[in-house]
Amino acid sequence: MATTTTSAAVAGLTAQQAASRLRIDGPNAVAAPPRRHLVTRVAHQLTDPLVALLVAAAVVTTVLGDLPDTAVILLVVVVNTVIGVSQEVRADAAIAALDQMTAPTARVVRDARHLVIPAAEVVQDDLVHLEPGDVVPADLRLHETHRFQVDEAALTGESVPVARDAGADVYAGTVVVTGRAAGTVVRTGSASALGRIATLVATTRPGPTPLQRRLAGLGRALGLTAVALSTVVFAIGVAGGRPVIEMAITAVSLVVAAVPESLPAVVTLALALGARRMAGARAIPRRLHAVETLGSVTLVASDKTGTLTEGRMAVQRAITVQGGTYRVNGSGYSPAGDLLDEAEQPSAAPAALRELARAVLLCNDATIASPDAEHPQWMPVGDPMEAALVAFAGRCGLDPDAERTAWPRVAELPFDQQTRRMTTVHRRPDGGYLVVCKGAPESVLTAPLVDSPPSGMLAEAHRMAASGLRVLAVATARYDAAPDPWAVRDLRPAGLVAVGDPLRAQAPHIAAAFDDAGIHLVLITGDHPATAAAIGEQLGIWHDGDGLVQGDEGAVTANGVGDQRVFARIQPEQKLDIVAALQERGHVVAMTGDGVNDAPALRRADIGVAMGGGTEVARQAADLVLVDDNLATVGTAVAEGRRIYDNIRRFLRYALAGGAAEILVMLAGPFLGLPVPLLPAQILWVNLLTHGVPGVALGAEPAEPGTMHRPPRSPQESVLGAGLLRGVLLTGALLAAVVLGAAVTADALGRPWQSVAFVVLGLGQLGIALAVRATPRPGRGRNHALTVAVAVSALLQLAAVLVPPLRDLLGTEYLSAAELATCAAVATLPGLAVRLAARKGRGTPNA
Ligand code: ATP
């Protein structure tokens with residue numbers, strides 16, 4: 001420990017000095033990945049194998065002098081590229097906005113005022129304050145330290161905390177583990193220690209998410225299938241005497257039409273926009289993969305204090321060693337309040353109770369702040385539980401400041417989550433020393449610290465814990481000479497203090513809502529098993545006779561974890577084992593955390609959830625940051641994740657069924673007397689109208705009403721699983737049957753059957769887009785973008801046979817209004833069938 005203060009730099013820089021430094025030195029950030037240039041983006045789109053195939057086809061049609069086909073092919077290439085690039089740009093913008101929201105912050109002093117600013121705005125010579133859980137924002141020279149330790153793993157790979165005293169340097173990217181410090185910035189940005197290694201790190205873009213990788217695989221498989229089937233179409237055509245070149249162009253068009261080339265764009269955009277919607281609901285995803293993983297979360301492991309409880313602590317009961325039991329009343333953290341004795345009569349604090357209250361006031365690092373203009377109530381400063389003990393001392397008639405001045409602290413062992421106790425040594429006003437130890441009853445009331453606690457004291461502690469209270473035991477001793485706090489023995493018990501923290505009113509509803517969605521809520525706490533069980537019971541996740549896991553009973557294993565919902569006496573380090581054990585049992589785990597030691601578990605969890613009010617290091621380790629510290633928001637994010645996945649499946653069902661129908665029509669047509677059912681330009685036109693804008697619009701469908709009343713999907717399940725592939729094939733077959741039926745009928749009537757097939761195919765696909773849309777929720781609007789996209793596409797499809805230049809371009813023939821109406825009526829059949837089947841089934845075509 002060392003505490004040194006130089007007089008320099010206590011007021012920090014002025015705002016002007018900081019601003020001019022920022023202008024000169026630039027932001028305190030390592031080089032961001034270079035932004036992709038428009039040309040690169042376009043080139044990326046054009047190098048897609050399908051597009052390359054189309055360009056090759058355009059070259060061939062040009063050489064052959066077939067200009068209408070060249071025009072249609074180029075139109076498809078241009079429209080696809082525009083849609084692809086614009087979606088990529090939108091997705092990147094959404095992701096950049098999220099990065100901004102969770103950008104690291106730093107505590108600085110400017111113009112003698114303490115401020116929290118984005119770490120990127122820290123400049124050289126800034127005065128920075130550091131607290132546990134902070135990520136050091138720049139290289140600093142320390143000039144004041146107090147029990148200060150940092151974890152330098154980010155630089156050295158060695159994660160044993162090291163002490164740093166005044167005069168030493170600490171480096172950007174390292175993490176404050178304990179203590180406090182202040183220092184002056186000596187290097188920022190890429191000149192800092194992190195900058196030197198991070199220029200390597202920062203230039204790598206995040207890779208594709210697991211879903212994107214799986215979909216890319218699916219895209220390849222579909223591409224190969226389409227190539228194989230198109231080759232068959234080609235062979236049939238050539239065998240039927242059609243020109244080879246014409247059939248080759250037809251086959252290429254068919255491949256292009258059958259493969260949903262907008263799939264990657266649709267997925268990226270759906271994920272990025274979903275992430276933005278989540279952020280709007282106060283859950284900020286820090287990585288895109290979180291958005292998709294959230295949809296398959298099966299278990300939420302939550303902290304207790306502040307997450308499920310209100311984090312408003314108050315001493316409710318106190319028991320002195322002489323056996324006096326008192327109920328403590330008062331509002332919030334106010335030191336005013338009163339005491340009731342066992343007979344529920346108002347009572348003044350007897351000497352033994354005052355002694356107990358003084359002990360917990362002295363062995364305590366918190367204070368309470370009196371009401372002011374900003375906060376109309378007394379506020380805790382420091383650990384809320386310790387602040388509650390300060391308020392309790394006030395309610396027992398003590399003046400906290402006067403007592404602390406009269407009994408100055410000379411040595412201490414800070415609270416340690418391993419030993420679950422804290423010890424302080426004070427000089428007594430009458431000479432000599434007082435040692436106070438407070439902590440978990442089984443840690444304090446144990447030999448050799450306390451030799452023989454009064455019989456019944458542990459039982460009493462257990463009884464209070466079983467009503468959901470956090471119980472602290474207190475022991476004291478007097479010495480003539482200052483003792484070494486490590487070596488104190490034979491303390492005398494002073495009593496028990498029970499602290500309550502009310503469950504958030506909505507917590508049981510959150511637990512029930514998770515249950516409804518097939519998600520286990522699990523409680524993880526450092527508290528006593530009896531307290532944990534009582535809270536579990538109030539939450540409705542634990543019932544009398546259920547087991548629980550106790551962290552102090554040995555290592556946590558997958559077997560030991562079983563299906564238990566309550567974990568007590570858990571240390572932050574054990575959370576990592578818990579996540580691993582739960583994952584081993586097949587769970588997709590979302591885990592909350594906010595402390596320094598929670599970071600590894602947050603990283604290991606499928607979804608690490610940090611509280612906005614927690615430490616910087618937890619926020620940076622997490623996948624999801626809850627701005628409002630409210631667990632219900634995780635539910636909202638899960639619902640959003642499920643919605644996005646549903647929409648991707650919706651798009652697949654729609655796009656693949658359309659592609660399947662096109663291939664089936666081309667394959668079966670020749671056997672029904674329709675030699676080449678559709679011309680290449682017609683196939684590409686249908687592809688253009690259906691895949692592009694309506695496909696993207698499907699990604700914005702709202703959630704189904706039942707989204708959170710069904711179990712999570714299995715992460716192992718294929719994207720086409722749970723009946724989707726069957727649905728695609730059936731829908732495709734139905735659409736093909738309708739198209740062929742219409743064409744054969746038209747042929748029999750001597751009408752332009754090819755144009756009939758073309759119109760029915762296009763309108764039929766648009767009908768399916770409407771059929772797979774989400775069931776509207778009462779009171780919620782529809783996704784109007786889809787309606788508009790479908791309407792415009794339908795009009796363009798009709799224009800293709802009505803407008804002469806388009807007829808020339810696409811090789812279609814005129815159809816009368818009555819004929820078009822009949823085509824439209826017939827084209828609704830596949831969509832109606834999909835909707836009816838969904839009604840009879842599970843309510844939605846995709847879920
Ligand atoms: P939570 O479920 O509230 O998030 P936690 O896991 O953070 O709990 P800890 O703060 O580690 O739990 O507390 C574990 C135990 O240590 C408590 O039950 C209490 O008995 C004891 N304890 C906690 N804070 C202090 C303190 N400041 N001084 C002494 N003992 C403490």
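User: Domain bounds here come from an automatic or database domain assignment. Into which domains is the protein chain divided?

Analyst: There are domain 1 (2-30 + 103-200), domain 2 (215-278 + 637-705 + 718-840), domain 3 (283-308 + 505-629) and domain 4 (314-500). This is a predicted model, in which local features need pLDDT of at least 70 and side-chain atom pairs count only at pLDDT 80 or more, while totals for chains, interfaces and linings use all residues. Residues are numbered from 1 along each chain as its sequence is written, and side-chain values use heavy atoms, leaving out hydrogens and water.

User: How many Å separate the centres of domain 1 and domain 2?

Analyst: Taken over C-alpha atoms, the centres of domain 1 and domain 2 are separated by 58 Å.

User: On to the ligand. Which residues are closest to the ligand?

Analyst: Thr305, Glu386, Thr525, Gly526 and Asp527 are the closest of the 18 residues that surround the ligand. A residue counts as near if one of its heavy atoms lies within 4 Å.

User: Where does the ligand lie relative to the domains, and why?

Analyst: The ligand lies between domain 3 and domain 4, because both give residues to the shell around it.

User: What is 2.8 Å from an N or O atom in the side chain of Glu386?

Analyst: That is a nitrogen atom of the ligand. A polar contact is a pair of N or O atoms within 3.5 Å; within protein, one must be able to donate a hydrogen and the other to accept it, and residues adjacent in sequence count only if both atoms are side-chain atoms. An oxygen atom of the ligand is 3.1 Å from a side-chain N or O atom of Arg470, and a backbone N or O atom of Ala440 lies 3.5 Å from an oxygen atom of the ligand.

User: How much of the ligand does the protein bury?

Analyst: The protein buries 88% of the 630 Å² that the ligand exposes when taken alone. Accessible areas come from the Shrake-Rupley method with a 1.4 Å probe; for residues, only the protein chains shown count as cover.

User: Which elements give two or more residues to the shell around the ligand?

Analyst: Those are α12 (384-395), β18 (433-439) and β19 (470-479). The largest share, 3 residues, comes from β19. Helices (H or I, at least four residues) and strands (E, at least two) are DSSP runs, numbered from the N terminus.

User: Now the sheet. What is the order of the open sheet of 9 strands?

Analyst: The order is β13-β12-β11-β10-β20-β19-β18-β17-β16, with antiparallel pairing. β13 (346-347) and β16 (409-416) are the edge strands, each pairing on one side only. Two strands pair if DSSP finds at least two bridges between them. β11 (residues 325-330) and β12 (residues 337-340) pair over 4 bridges in the antiparallel sense, and Gly330 stands opposite Gly337 in β12.

User: What is phi of Arg282?

Analyst: Phi of Arg282 is positive, about 70 degrees, although Arg282 is not a glycine. Arg282 is found in the loop between α9 (263-280) and β8 (283-285). Asp490, also other than glycine, has a positive phi near 50 degrees and is in the loop between β19 and β20 (492-500).

User: What is the relative accessible area of Arg282?

Analyst: Arg282 has 42%, so it is partly exposed. Buried means under 20% relative accessible area, exposed over 50%, and partly exposed in between (1.4 Å probe, protein chains only).
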